[in-house]
Structures are given as C-alpha cells and as structure tokens.
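I opened my notebook and went through this model piece by piece. These are my entries, in the order I made them.

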Amino acid sequence: MLTFTMNNGNQIPAVGSGTNSFAKTDGVYTGDTKEVVSAIRAGYRFFDTAESYGNEEAVGKGIKESSIPRDEFFICTKMATRKRGSDEPPHHSRETAREAVERSLKKLDTDYIDLYLIHMPWDNKEEAREVWAQLEDYYREGVLKNIGVSNFTIDDLSDLLAHCEIPPVVDQVRINPESKNKELIAYLRENNILPMAWGPLRFEQGRDVLTAIGEKYGKNWAQVILNYNCRKGYISIPKSHSFEHQKSNLEIFDFELTEEEIRTIDEL
Ligand SMILES: NC(=O)c1ccc[n+]([C@@H]2O[C@H](COP(=O)([O-])OP(=O)(O)OC[C@H]3O[C@@H](n4cnc5c(N)ncnc54)[C@H](OP(=O)(O)O)[C@@H]3O)[C@@H](O)[C@H]2O)c1
C-alpha cells in the first residue's frame with residue numbers, strides 16, 4: 001500500500017475504507033461486522049469511522065475478530081461536534097473532548113487511535129482551541145497517534161494554526177470532480193496538511209471521461225479517480241458494501257496516468 005508522510009513524520013495509507021453506512025440496515029444500527037470483515041478480506045487495513053456514524057463498536061469488533069495484529073491497522077475516528085450556526089448546547093470544552101475520546105476508545109476496544117479528527121467546525125473558535133489543546137495532550141501521551149480536522153475551511157484552519165502547538169495532519173473534506181476545493185487544497189499544501197477525500201466516488205460529473213481514460217489501462221472510472229487522487233497526494237476513503245467494489249477500489253497501483261490525463265481530470 002502506498003503511504004503518505006504527514007507533517008509529524010508519521011505515515012498514513014493512501015487509501016482506506018469509508019464506513020458511514022456499515023453495520024446498519026435502513027440506517028438503523030445492527031452491529032453486523034460483515035462489511036468490515038469483507039473489507040479486511042479485500043485488503044483494507046485503514047478504516048474511517050466516526051462517533052456520529054454510531055458504528056465504532058462494529059468496526060472495532062470486525063478488526064479484533066480478524067486476529068490480525070492491531071498495529072497493522074490504521075483506525076480513524078472523529079469527535080461529533082455541534083452544527084455550524086447553532087447556539088444550542090452541547091458546548092465543547094476540554095472535558096467534552098476528553099469524554100468523546102474515552103467513548104471512542106471504549107467502543108473501538110483499543111487503547112490508542114491512529115487518527116482522531118474534529119468532525120465539523122462550529123462557530124465558537126475559542127471552544128475549538130480548547131478542544132484542540134485536549135487532543136494535543138492525548139497526542140503527547142500517545143493515545144492519539146495523529147490528530148486532524150474535517151470539513152474545516154481556510155478561516156477555521158487559520159485560527160487553529162495561529163493558536164495550536166501541534167498542527168493538524170489532515171483536513172478530511174469532500175473532494176471529487178463535483179467538489180474540487182481548489183483554494184482550500186492550495187492552502188492545505190502551503191501549510192503541510194494532507195487533504196483527505198471523503199465522498200471520492202460520490203459524483204456523476206466526468207464519469208464518462210474517466211471511463212474512457214480507464215479503457216487503455218483496463219480500469220474502471222472509480223479506479224481512475226482513486227489513482228488520480230494518489231497522484232495528487234489526496235488520501236481517499238471510498239466506501240462500498242460490495243466485496244467486488246472494495247477489492248477493485250484497491251487495485252489502483254499498477255498503472256500510471258499520463259500528465260495529459262492528469263490535466264484532463266484536473267479540468268473535469
Ligand atoms: N468527514 C465527513 O464529514 C464525511 C462525510 C461523508 C463521508 N465521510 C467518510 O467518507 C467515506 C466515503 O464517502 P461516501 O461513503 O459518502 O461516498 P463514496 O465512498 O465516495 O461513495 C460511496 C458510493 O460509491 C459506490 N461505489 C463504491 N465503489 C464503487 C465502484 N468501484 N464502482 C461503482 N460504485 C462504487 C458505493 O456503492 P456500493 O456499496 O454498491 O459499492 C456507494 O454508493 C464515508 O464512508 C465516510 O467514512 C466523511
């Protein structure tokens with residue numbers, strides 16, 4: 001598996017499995033580990049979950065039951081946060097951050113988390129700084145091996161960067177041809193923060209072009225965009241309930257897009 005180096009020198013796999021609808025039927029949690037088990041069988045060792053997905057327990061259980069050593073896995077989870085624009089409680093603090101991390105450790109049944117993210121920015125930047133300071137403490141203790149953010153804008157990040165001691169390693173945002181986020185990605189690069197693409201396959205725009213490019217390599221549109229993301233230095237977390245898709249979404253490292261093809265995809 002290709003890995004990227006984060007700003008703290010640690011490695012992160014270039015591709016992981018999304019999980020937001022795993023262990024659920026019609027949106028209701030079942031605890032079924034079948035999708036996680038299938039993803040592990042397909043070769044995934046990196047899982048992206050979140051407290052708000054309500055499935056950390058199933059992700060942890062699937063990993064445990066694989067009997068593959070914990071240190072071969074890379075688990076990302078996220079602290080559930082308030083909605084932007086909402087003044088409603090709960091308010092966040094060091095204490096709520098501590099409680100959230102402890103809940104995730106318990107549900108995942110692990111004593112450390114490879115990557116812990118603040119799921120969404122909210123309006124109160126003072127609170128975000130406090131939460132971040134608590135995550136920094138966990139990072140120093142080795143409980144959180146890497147800390148980052150998700151859905152943070154340039155404005156959210158610039159405040160955090162101005163006040164933090166340890167900068168976030170990633171910003172997980174929607175990146176695909178329908179959501180290019182060019183300005184944000186340029187800012188992330190300037191600040192040595194890796195872009196992490198959620199929804200990497202949830203788009204329609206340009207699929208025909210990707211399919212045409214893939215024909216030459218015997219690859220489908222999904223494999224082409226995932227390969228492209230690797231070339232651009234974006235971590236991808238495609239999610240699939242089908243073993244065949246899970247497997248093919250990892251079969252992306254045996255071909256090289258030309259510079260012209262990269263430019264074509266840039267412009268989709
Ligand atoms: N931080 C955030 O705010 C945030 C927000 C949304 C998502 N996420 C994370 O990002 C992950 C990925 O995002 P996502 O689940 O929204 O979208 P996605 O992974 O881009 O797309 C999922 C869809 O693509 C289909 N698919 C997967 N592989 C395919 C293939 N090879 N060929 C054709 N179709 C394929 C899946 O259907 P099948 O099951 O039929 O394969 C599913 O309908 C989530 O699971 C979650 O972990 C984070």
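**Entry 1: a pair of strands.** I began with β8 and β9, which pair in the parallel sense over three bridges. Strands pair if DSSP finds at least two bridges between them. Strands (E, at least two residues) and helices (H or I, at least four residues) are DSSP runs, numbered from the N terminus. Ile 118 stands opposite Val 149 in β9.

**Entry 2: ground rules.** I noted that this is a predicted model: local features need pLDDT of at least 70, side-chain atom pairs count only at pLDDT 80 or more, and totals for chains, interfaces and linings use all residues. Residues are numbered from 1 along each chain as its sequence is written.

Entry 3: A residue is buried if 20 or more other C-beta atoms lie within 10 Å of its own, exposed if 12 or fewer, and partly exposed in between, with C-beta atoms placed from the backbone. In a regular strand, side chains alternate between the two faces of the sheet. I then moved on to β10, which runs parallel to β9 and is joined to it by two bridges. Ser 150 has Gln 172 in β10 as its bridge partner. Four of the five residues of β10 (170-174) are buried, so this strand is largely enclosed by the rest of the structure.

**Entry 4: the whole sheet.** I wrote down the strand order as β3-β6-β7-β8-β9-β10-β11-β12, an open sheet of eight strands with parallel pairing. β3 (17-18) and β12 (235-236) stand at the edges with a single partner strand each, so one side of each has no neighbour in the sheet. Three bridges join β6 (46-48) to β7 (74-79). Phe 46 stands opposite Phe 74 in β7. Helix α3 (94-108) lies across β7 and β8, at about 140° to β7. That angle is taken between N-to-C directions, from 0 to 180 degrees, with axes fitted to C-alpha atoms, for helices over the stretch in contact.

**Entry 5: the core.** Which residues touch the most other members of the largest nonpolar core? They are Val 36, Tyr 116, Leu 135 and Ile 235, in a core of 64 residues. Such a core is a set of buried Ala, Val, Leu, Ile, Met, Phe, Trp, Tyr and Cys residues joined through C-beta atoms within 7 Å. Beyond four places in sequence, Ile 235 is in contact (C-beta atoms, placed from the backbone, within 7 Å) with residues including Phe 4, Val 170 and Met 196.

**Entry 6: loops.** I found Phe 203 in the loop between β11 (194-198) and α7 (207-215). Phe 203 counts as partly exposed, with 18 C-beta neighbours inside 10 Å. Glu 178 is 25 residues from Phe 203 in sequence, yet 6.2 Å away, C-alpha to C-alpha. Asp 26 lies in the loop between β4 (24-25) and β5 (28-29). Asp 26 has a positive phi of about 50° although it is not a glycine. Asp 26 is exposed, with 5 other C-beta atoms within 10 Å. Asn 151 also has a positive phi, of about 60°, and is not a glycine.

Notes. Two residues are in contact if their C-beta atoms, placed from the backbone, lie within 7 Å.
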